[in-house]
Amino acid sequence: MSTLAPPHQIHTEYDLVFAGGGTAACIIASRLAVAFPDLSILVLERGPTTESKMEHIQPGQFLTHLAPESKTMQFYTSTPSEHVAGRSVVVPTGRCIGGGSSVNFMVYNRPSTSDFDAWEKEFGNAGWSANDMIPMLQKAETYEIDPNKPTHGSDGPLKVSFGRDEMLDIGRQYLEIGPKLDKNRPRSDEGNGLNEESINVFFQCPKWSSTDGCRSDVAHPYIYNKNLENLSVFDGCLVDRIVIKDGVATGLEYFFDTRVYESAPQDIRSVKALKLVVVSAGAMGSPPILERSGLGKKEILEKAGISVVNDLSGVGANYQDHAFYISPYIADPDSITFDLLFRGDPETWRIAREKWEMDRSGLLSTNIVDSCIKMRPLPHELDELGPEFMDYWNEVLANKPDRPLFWHTISPGLPADQSALPPLKFMSSASILGYPASRGHIHVVSKDPYAVPDFHAGYLSNPADVSALRWAYKKGRELTRRMPAFRGAFAPAHPQFAADSPAALTETRPVPVDAPNIVYSAEDDKAIDANIRQMVQTTWHSLGTCAMKPLPQGGVVDSKLNVHGVQNLKVADLSIPPSNVNSNTYSTAVAIGEKAAMIIAEELGCTL
Ligand SMILES: Cc1cc2nc3c(=O)[nH]c(=O)nc-3n(C[C@H](O)[C@H](O)[C@H](O)COP(=O)(O)OP(=O)(O)OC[C@H]3O[C@@H](n4cnc5c(N)ncnc54)[C@H](O)[C@@H]3O)c2cc1C
């Protein structure tokens, strides 16, 4: 990590200037730089460079970025909330060139057709339906698993594969036991077909990595490996605000970020954008930049001492994530899991490094998710979810059969703070809520770009979300207790059931597949709900804070990504989805990046 003054030679003007150099930004900037060799493009990223760094190349290093002292992650602490047992949840986001793509867990998952269709039909955004967006997904990827599979891509820059090695045994057991336990949910070779057929099937989970054991970030294929002369991407540049004159965005003001360049002078610098400013700082980074520029809700800006340029009430509102609920179980000590790697065990790391260097195999060549299911209640299961779930069901899911309620896996290891864990091997039953009903916000509280924002994650403020995760707990537990590697629940992280309850955590060996399911009492359900509120955390899928909607509905950008009421200013990243997408969001950020590049290219007079 460099701590010297930045060596950058940043000119005073460029044609296009980007605030943020993450997933969407790298794609847009690269596509435009290739299409328009005469255009000068600048990307200012606050985090460090990622070029050729092993922690961004070896997939198995994903958890290292979440260490508290990490310089590649920005941590946002939410205000304490009664809905999560008085806790302040922490939401990290990628903070480096490549953004989330360079630090994420590489789980490959794609939205449902109805997710994109809603953006067009329900929010009036022409050009954003699934028919428009599926080609964007295809353009970006090479689906190494089967390049000819419908809706997948065959020659895009991002590689998708099952990784270098065979699945780890816990992933294999999940795929074997799941369909045996649940006859209505068979195994399939496609869980990402974006349609109804991909729901309620157990499938091997693809990864955003190549068969040669490397992470598929955006920074390497779109930026570093292309070496484009008209594209400058600079690290350690914290964008403070957009310069807006007479309703037109004319450039950016920025500092050199002290977390990357400790000794850099802290004077404010400016750069002109002759044609366009693109804010692409992610769902947590874009609203603060807009607000510091006077674009936001009047009352919030005035309270922060910022002059209002345009009263846009939607900036920073509508915050969404996918609530994540992990229930850890103890695994057979002979299982292969990530736990020793997570704990930093030197011998495990030595072997993993040797394997990766030898033939790109081993734990460092993979992530922690080998198999999964996108689960949706069947008609006869709806009663199990309770009455407070039904309004939500009718509104969000009932008429959209391609939407899951949650995504589920059982992972070999426990990706958590290791300092508090006993030296066991774990398997984690993990559920990610597809379309949480709860909403939060992120707003600035002052002009200072280093000031901690007012962030409220909003998790579980709607009881329907708790009902969904309660059901997920029960489903996950039934599957886990039948897996051969099961050696009992890790009780401190589970609901505190009464000792005489049939739900008490007494089992220490697997039960037969045809064993009866556990019957939970109303008291047990309360214990589960309390545990959900204690345990729920981020899935790192922040989105929706500069929603693409009409202004009267609280929209921030229009369907061409123009900020309402300002010329030459677009937002393009995961802040723009007006509604959520089923599960892991990298693919959606990629599709938005490809779409934004197309929109801007068309406006500049060329078809991509
Ligand atoms: C830990 C983690 C695990 C994840 N796991 C998965 C997964 O397994 N599968 C999946 O599909 N998705 C996953 N995701 C989510 C996915 O990676 C993100 O949703 C996606 O990358 C977001 O893309 P984006 O372009 O919107 O923003 P980002 O990629 O976050 O880019 C925004 C960039 O802007 C920069 N920035 C912010 N403010 C400023 C400023 N003021 N000045 C300059 N630069 C600024 C940030 O540093 C960042 O680099 C994960 C994310 C994280 C953080």
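Is Asn227 buried or exposed? With a relative accessibility of 66%, Asn227 counts as exposed, because the cut-off for that class is over 50%. The model in which this value was computed is a predicted one.

Asn227 belongs to the loop between helix 6 (219–224) and strand 8, and its phi lies near 50 degrees, a positive value in a residue other than glycine. A positive phi is also found at Leu460, where the angle is near 65 degrees and the residue is again not glycine. Leu460 sits in the loop between strand 19 (454–456) and helix 12, and at 2% relative accessibility Leu460 counts as buried.

Leu460 is also one of the residues touched by His83, along with Tyr459, Ser461 and Arg533, when residues up to four places away in sequence are not counted. His83 itself is located in the loop between strand 3 (73–77) and strand 4, and with 24% relative accessibility it counts as partly exposed. Between His83 and Ser461 there are 378 residues of separation in sequence, while their C-alpha atoms are 5.7 Å apart in space.

Asn148, in the loop between strand 5 (141–143) and strand 6 (158–160), is exposed at a relative accessible area of 68%. The C-alpha atoms of Asn148 and Val201 are separated by 21 Å, the two residues being 53 residues apart along the chain. Arg470, by contrast, is part of helix 12 and is buried, with a relative accessible area of 9%. Once neighbours within four places in sequence are left aside, the contacts of Arg470 are Leu385, Glu388, Asp525, Ile528, Asp529 and Ile532.

The accessibility values of these residues are collected below.

| Residue | Relative accessibility | Class |
|---|---|---|
| His83 | 24% | partly exposed |
| Asn148 | 68% | exposed |
| Asn227 | 66% | exposed |
| Leu460 | 2% | buried |
| Arg470 | 9% | buried |

An open sheet is formed by 6 strands in the order 7-15-16-17-14-20, with antiparallel pairing. Its edge strands are strand 7 (202–204) and strand 20 (486–489), each of which pairs on one side only. From one strand to the next, the twist averages 30 degrees.

Within this sheet, strand 17 (residues 426–433) is largely enclosed by the rest of the structure, because 8 of its 8 residues are buried. Both faces of strand 17 are covered, with Phe426, Ser428, Ala430 and Ile432 buried on one side, and Met427, Ser429, Ser431 and Leu433 buried on the other. Strand 14 is joined to strand 17 by 7 bridges in an antiparallel arrangement; here Tyr325 stands opposite Ser431, and Ser327 has Ser429 as its bridge partner. Strand 16 (residues 406–411) also runs antiparallel to strand 17, to which it is joined by 6 bridges, and Ile410 stands opposite Ser429.

How much space lies in the second largest pocket? The space in this pocket is about 1100 Å³, and its lining consists of 36 residues, of which Pro415, Ala416, Asp417, Gln418 and Gln537 lie nearest the centre. By residue type, the lining divides into 25 nonpolar, 9 polar and 2 charged residues. Strand 4 (90–94), strand 14 (324–331), helix 9 (339–342) and helix 13 (522–535) each supply at least two residues of the lining. Strand 14, which is joined to strand 17 by 7 bridges, gives the most to the lining of this pocket, with 3 residues.

Key
Residues numbered from 1 in each chain as written. Predicted model: local features only at pLDDT ≥ 70, side-chain atom pairs only at ≥ 80, totals over all residues. Heavy atoms only, no water. 1 Å grid on protein atoms, 1.4 Å probe; cavity = no way out; pocket = protein on both sides within 12 Å on 5 of 7 lines; lining within 4 Å. Points joined across faces, edges and corners; volume = space filled by probe spheres on them. Helix = DSSP H or I, 4+ residues; strand = E, 2+ residues; numbered from the N terminus. Nonpolar A, V, L, I, M, F, W, Y, C, P; charged D, E, K, R; others polar. Buried < 20%, exposed > 50% of the residue type's maximum accessible area, 1.4 Å probe, protein only. Pairing = 2+ DSSP bridges. Axes fitted to C-alpha atoms, helices over the stretch in contact; angles between N-to-C directions. Contact = heavy atoms within 4.5 Å.
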